[in-house]
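Visitor: I am new to this structure and would like to be taken through it. Please show it to me before we start.

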Amino acid sequence: MRSRPRLTVLGSLNMDISVSVSRLPGPGETILGAGAVIAPGGKGANQAVAAARLGGAVRMVGCVGADEFAGGITAALAAEDIDHAAVRAVPGCATGLALITVDAAGENMITVAPGANGQAGEQEAAAALSAPADILVLSAEIPAKVLAAALGNARDLATACLLNLAPVPGEAASLLSAGVDWLVVNESEASVILGRTVAGLRDAAGAAADLAAGGARHAVVTAGSQGAVLAGAAGTESVPGFRVRSIDSVGAGDAFVAALGVTLAAGLPPAAALRAACAAGATATTRRGAQ
């Protein structure tokens, strides 16, 4: 691996409020939990922290609010030696907030109030390419127009991009048709984009191939504990999942994306990078919380 691969992460920054329960509640049902944990999160910030811990030199670009949560989020980035000079505090706006419920098997339900993440705009799209990077990592808890602008800027500068379409925006088809170096989605996200059910590695393989045909040079579909599939010009590659004792799946997808980004930026071939990403995602489920 090359020394200190450089990654820029453009995405969301949230404060997570997580509650552990014996089982996930049904509609209209109240469940008593074991206590709330408040900690920094957000897909973008989670990916940045994971990438830094995996050896990347990381810049974070995005927005926080002008409230008490913002300081805790930026302090967490600073503690990981992440350059957060391009994290903008938006006056009169609340920091993004995620409400997370996790059951005894590690499955979760998440509701996100975007807050300041929804205010990301041209300033953030420009900031994402204002310093050299081996790869630009983007996730979709910020407006799709910002993703489109950043992807366009990256193409102009010949900077590699990894797009994690989570959650899936309404503009997903147009983002993909414009061309993406790397696309990462899970089964449910692939289902939304393709308009059909994707469940398990066999479905994931077909979905990845179709997503690659739709504009992604490399399309990755993750299938939870079963593993992940990569499709591209060289064909399809499947990596089985790693057997671990999962206690919390929150942030596992973000760890996967971060590991894929770091290893690709470091020069590993796609198949090896995919295996490393699966290992990182599995490991993330063995601890509680995202970051």
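## A guided tour

Visitor: Where does Ala 158 lie?

Guide: This is a predicted model. Strand 9 and helix 4 (144–157) are the elements on either side of Ala 158. Ala 158 lies in the loop between helix 4 and strand 9.

Visitor: Is Ala 158 buried or exposed?

Guide: The phi of Ala 158 is near 55 degrees, a positive value in a residue other than glycine. Its relative accessible area is 70%, and residues over 50% count as exposed. Ala 158 is therefore exposed.

Visitor: In which loop is Asp 81 found?

Guide: Asp 81 has a phi near 60 degrees, which is positive although the residue is not glycine. With 59% relative accessibility, Asp 81 counts as exposed. The place of Asp 81 is the loop between helix 2 and strand 5 (83–90).

Visitor: Which residue does a cis peptide bond join to Ala 166?

Guide: The omega of this cis bond is about -10 degrees.

Visitor: In what order do the four strands of the open sheet come?

Guide: The pairing in this sheet is mixed. Strand 3 (36–41) and strand 7 (108–113) are the edge strands, each pairing on one side only. From one strand to the next the twist averages 20 degrees. The order is 3-2-6-7.

Visitor: How many bridges join strand 2 to strand 6?

Guide: Strand 2 covers residues 14–20 and strand 6 covers residues 96–102, and the two run parallel. In strand 6, Leu 97 is the bridge partner of Met 15. The number of bridges joining strand 2 to strand 6 is seven.

Visitor: At what angle to strand 3 does helix 2 run?

Guide: Helix 2 is made of residues 68–79. It lies across strand 2, strand 3 and strand 6. Its angle to strand 3 is about 60 degrees.

Visitor: How far apart in space are Val 102 and Gly 289?

Guide: Val 102 belongs to strand 6 and counts as buried because its relative accessibility is 2%. Leaving out residues up to four places away in sequence, Val 102 touches several others, among them Ser 18, Leu 24, Asn 108 and Ile 247. In sequence, Val 102 and Gly 289 are 187 residues apart. In space, C-alpha to C-alpha, the two are separated by 9.5 Å.

Visitor: How are helix 8 and helix 9 directed relative to each other?

Guide: Helix 8 (residues 252–265) and helix 9 (residues 270–284) have axes 7 Å apart, and they pack at an angle of about 150 degrees. Angles over 145 degrees count as roughly antiparallel. Helix 8 and helix 9 are therefore roughly antiparallel.

Visitor: What is the handedness of the crossing, and how many charged residues are in the contact of helix 8 with helix 9?

Guide: Helix 8 passes helix 9 in a right-handed crossing. The contact includes Ala 255, Phe 256 and Leu 260 of helix 8 and Leu 274, Cys 278 and Gly 281 of helix 9. By class there are 14 nonpolar and two polar residues, and the count of charged residues is none.

Visitor: Is Thr 263 buried or exposed?

Guide: Thr 263 sits in helix 8. Beyond its neighbours within four places in sequence, Thr 263 is in contact with Leu 268, Ala 273 and Ala 276. Its relative accessibility is 8%, so Thr 263 counts as buried.

Visitor: How are helix 6 and helix 7 placed relative to each other?

Guide: The axes of helix 6 (residues 187–194) and helix 7 (residues 200–213) come within 10 Å and cross at roughly 45 degrees. Helix 6 passes helix 7 in a left-handed crossing. The contact includes Ala 190 and Ile 193 of helix 6 and Ala 207 and Leu 211 of helix 7. Given their angle, helix 6 and helix 7 are therefore oblique.

Visitor: Which residues of helix 6 are buried?

Guide: Just after helix 6, Gly 195 takes a positive phi of about 75 degrees. The buried residues of helix 6 pack against strand 10 (180–186), helix 7 and strand 11 (216–222). These buried residues are Glu 189, Ala 190 and Ser 191.

Note on methods. Residues numbered from 1 in each chain as written. Predicted model: local features only at pLDDT ≥ 70, side-chain atom pairs only at ≥ 80, totals over all residues. Heavy atoms only, no water. Pairing = 2+ DSSP bridges. Axes fitted to C-alpha atoms, helices over the stretch in contact; angles between N-to-C directions. Contact = heavy atoms within 4.5 Å. Parallel < 35°, antiparallel > 145°, perpendicular 65-115°, else oblique. Left-handed = near helix turned anticlockwise from the far one by under 90°. Nonpolar A, V, L, I, M, F, W, Y, C, P; charged D, E, K, R; others polar. Buried < 20%, exposed > 50% of the residue type's maximum accessible area, 1.4 Å probe, protein only.
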